[in-house]
Amino acid sequence: MTGTPAPTAPLFERMALVGIGLIGSSLARAARRHGLVREIVCSARSQTTCDKALELGLVERASTDSAAIVEDADLVVLCTPVGTYADIAAAIAPRLRAGAVVTDVGSVKQAVLRDVGPHLPDGVHLVPGHPVAGTEHSGPESGFAELFEGRWCILTPPAGTNAEAVRRVAELWTRVGSNVEMMEASHHDRVLAITSHLPHLIAYTIVGTATDLEASTQSEVIKFSAGGFRDFTRIAASDPEMWRDIFLNNREAVLEIIQRFTEDLTMLQRAIRWGEGDVLEDLFTRTRAIRRGIIQAKQA
Ligand code: NAP
């Protein structure tokens with residue numbers, strides 16, 4: 001028989017998004033498009049964001065009171081900067097319903113186990129997650145339903161987590177188009193320190209250095225930005241609050257990778273000073289191959 005496939009039952013009855021910025025609003029859009037939840041509610045810090053989420057038709061209800069909106073939700077997704085997690089977890093814990101699944105989208109993962117885990121009552125299942133997808137934009141108006149398509153979503157449930165809760169969270173991400181990978185939280189934080197956190201730190205440094213140059217040079221920085229600087233300014237335009245929290249909450253892994261990076265930078269400094277062109281060319285050849293690998297893996 002042909003025709004439209006029968007609609008599948010929603011995975012969750014009520015999804016409560018704590019925070020509805022770029023990631024929360026993209027998840028709301030994608031979950032609705034794919035019929036994954038029956039109802040979506042959200043909280044935000046400001047009434048303005050709550051009003052915006054309602055106006056955009058992303059949610060049925062919105063409130064500045066996170067504890068109130070998680071009531072009766074069978075899925076709660078933390079979509080705020082990771083530095084807010086401990087206070088939010090303490091506030092929502094008494095209102096979580098038995099059997100609820102709590103997950104998150106935060107860019108660091110050990111901090112979730114540390115800050116959220118201890119607050120949750122028995123019978124509530126914590127499945128930390130990180131969709132490795134995003135843009136430099138913030139707020140509910142910047143999200144889009146296709147954000148997670150073809151991207152990775154990393155889940156870091158600790159040993160002993162309810163298997164059915166993990167399966168349902170994995171299915172949520174699969175059905176919004178992501179590839180799901182399971183990982184230890186500590187491993188996640190080390191991998192992301194090099195693939196995401198260090199590149200952002202370098203971009204913030206380069207753009208910061210340019211900002212500190214005297215006014216005449218600054219105008220030339222803008223004028224000739226296509227020489228490479230422009231790409232760094234896009235990354236360095238990412239949300240300041242979110243990135244502050246990422247560095248403070250992935251301290252050890254980031255400090256370790258900065259150490260390695262500094263050594264490699266010094267090695268390049270020496271090569272330039274002593275005219276060792278072969279050292280430079282050898283590195284640039286290897287890095288070019290990495291770029292080609294990313295394009296081939298459709299992650300460009
Ligand atoms: P965003 O666009 O800045 O949105 C953050 C949301 O959190 C806003 O709705 C904000 O409300 C709300 N919020 C902040 N503090 C709160 C509090 N104490 N209680 C309730 N709501 C609060 O941020 P985002 O880019 O979606 O990032 C959200 C999370 O996703 C972060 O943990 C980040 O690490 C992770 N992540 C981001 C990306 C990315 O590229 N952006 C990618 C992957 C993962 P107001 O608007 O009222 O302030």
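Tutor: Start with the shell around the ligand, which holds 27 residues. Arg45, Ser46, Thr49, Thr80 and Ser107 come nearest. A residue is near a molecule if one of its heavy atoms lies within 4 Å of it. This is a predicted model: local features need pLDDT of at least 70, side-chain atom pairs count only at pLDDT 80 or more, and totals for chains, interfaces and linings use all residues. Residues are numbered from 1 along each chain as its sequence is written, and side-chain values use heavy atoms, with hydrogens and water left out.

Sort the shell by residue class. Twelve residues are nonpolar, 14 are polar and one is charged. Here Ala, Val, Leu, Ile, Met, Phe, Trp, Tyr, Cys and Pro count as nonpolar; Asp, Glu, Lys and Arg count as charged; the others, Gly among them, count as polar. Helix α1 (22-33) and strand β7 (129-132) each supply at least two shell residues. Both come from DSSP runs, numbered from the N terminus: helices are H or I with at least four residues, strands are E with at least two.

Now the polar contacts, meaning pairs of N or O atoms within 3.5 Å. Ser46 uses its side chain: a polar atom there lies 2.6 Å from a ligand oxygen. Thr80 uses its backbone, with a polar atom 2.7 Å from an oxygen of the ligand. Taken alone, the ligand exposes 910 Å², and the protein buries 87% of that. These areas come from the Shrake-Rupley method with a 1.4 Å probe.

Next, the cysteines. The structure holds zero disulfides, a disulfide being a pair of cysteine sulfur atoms within 2.5 Å. For Cys50, the nearest cysteine sulfur belongs to Cys42, 5.5 Å away. Cys50 counts as buried because its relative accessibility is 0%. The scale is: buried under 20% relative accessible area, exposed over 50%, partly exposed in between, with a 1.4 Å probe and protein chains only. Cys153 is in no disulfide either; the sulfur of Cys79, its nearest, is 11 Å away. Cys153 is buried too, at 0%.

From Cys153, move to Val169. The two are 16 residues apart in sequence and 10 Å apart in space, C-alpha to C-alpha. Val169 sits in helix α6 (residues 163-175). Its relative accessible area is 0%, so Val169 is buried. Leaving aside neighbours within four places in sequence, Val169 is in contact (heavy atoms within 4.5 Å) with Val101, Thr103, Val127 and Leu155.

Note on methods:
Polar contact = N/O pair within 3.5 Å; in protein donor to acceptor, adjacent residues only side chain to side chain.
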